[in-house]
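Hi,

Here is the model I promised to pass on.

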Amino acid sequence: MDPKSQRLRLNDGHFIPVLGFGTYAPEEVPKSEALEATKYAIEVGFRHIDSAYLYQNEEQVGQREDIFYTSKLWATFLRPELVRPALEKSLKNLQLDYVDLYIIHFPVALKPGEELLPTDENGKALFDTVDLCRTWEALEKCKDAGLTKSIGVSNFNHQQLERILNKPGLKYKPVCNQVECHPYLNQSKLLDFCKSKDIIPVAYSALGSQRVKGWVNLNHPVLLEDPVLHAIAKKHKQTSAVIALRYQLQRGVVVLVFNFELPPEDMKTIDGLNQNLRYCDFS
């Protein structure tokens, strides 16, 4: 089947393409390259573009028809009264009337203001106190207003998801939970929980992550250099990257699609690579 046409059904009835293109890039990468990369991604078949206010490139990656757009509510906008203005700002940047999916980027609130990562004089993060259930209610109102078709979360653990799901008066469940997920951090328990609640897992850093200083511990091993992945890739005449992505797809995780399958023994072997190793350091 052509990967352009493969989609998964969300719990609100909408569909999400399993072929997703993430638009995050380090600060040193010119914003114009985000535009060119997005154009190329669409040309080669991507129909799901994943953006975020934090990435500061929404003006470059928007303005496309027939594309599934994801954007994210950044941590400085988690107060309920800030949610809709934040989404409207992203829509203005993207030059869209609505996005297909709007998700809470991170379940920890930072002090509202112009700074994306507010800190005190000692460089310590300035946090805010926000009830995420109230934030979620504000997202529900954005969905009702037609500003987003679906709403979800990112980087939520089991307990944080439970808080939303058990909220009195819940109108819409999160359709997805976007988390770091790869063979070194296979998130099996969290994925099983999400599936039991009809929440689609979406993997970022499925290839291990870019080696971006400040976000990633550069001492961590490089996933795509793992000898087990190399051996399975050689067996199937594929690359280690294709194997890592196919592994996720067969677990029901939104990433990329390929025209072959890994047999159960190879899936089990890759399961054994799990080290609970996070590349993305948010501390």
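Predicted model: local features only at pLDDT ≥ 70, side-chain atom pairs only at ≥ 80, totals over all residues.

Residues are numbered from 1 along each chain as its sequence is written, and side-chain values use heavy atoms, with hydrogens and water left out.

The helix pair

Helix 5 (residues 158-165) packs with helix 6 (residues 188-196) at an angle of about 15°, the axes being 10 Å apart. Helices here are DSSP runs (H or I, at least four residues) and strands likewise (E, at least two), numbered from the N terminus. Axes are lines fitted to C-alpha atoms, for helices over the stretch in contact, with angles from 0 to 180 degrees between N-to-C directions. That angle makes helix 5 roughly parallel to helix 6 (under 35 degrees counts as roughly parallel, over 145 as roughly antiparallel, 65 to 115 as roughly perpendicular, the rest as oblique).

Who meets whom? From helix 5 come His158, Leu161, Glu162 and Leu165, and from helix 6 Leu190, Phe193 and Cys194; contact means heavy atoms within 4.5 Å. By type, the residues of this contact are five nonpolar, one polar and one charged (Ala, Val, Leu, Ile, Met, Phe, Trp, Tyr, Cys and Pro are nonpolar, Asp, Glu, Lys and Arg charged, the others, Gly among them, polar).

Helix 6, two sides

Leu190, Leu191, Phe193 and Cys194 are the buried residues of helix 6 (buried is under 20% relative accessible area, exposed over 50%, partly exposed in between, with a 1.4 Å probe and protein chains only). Down the helix 6 axis they fall within an arc of 160°, so they line one face; the arc is that of the directions from the axis to the C-beta atoms. They pack against helix 5, strand 8 (176-180) and strand 9 (200-204). Turned away from that side are the exposed Lys189, Asp192 and Ser196. Just after helix 6, Asp198 has a positive phi of about 60°.

Two buried residues

Thr76, in the loop between strand 5 (68-73) and helix 3 (80-94), counts as buried at 2% relative accessibility. Beyond its neighbours within four places in sequence, its contacts include Leu82, Leu110 and Pro118.

Lys72 sits in strand 5 and is buried too, with a relative accessible area of 1%. Its C-alpha atom is 4.8 Å from that of Ile103, 31 residues apart along the chain.

Cheers
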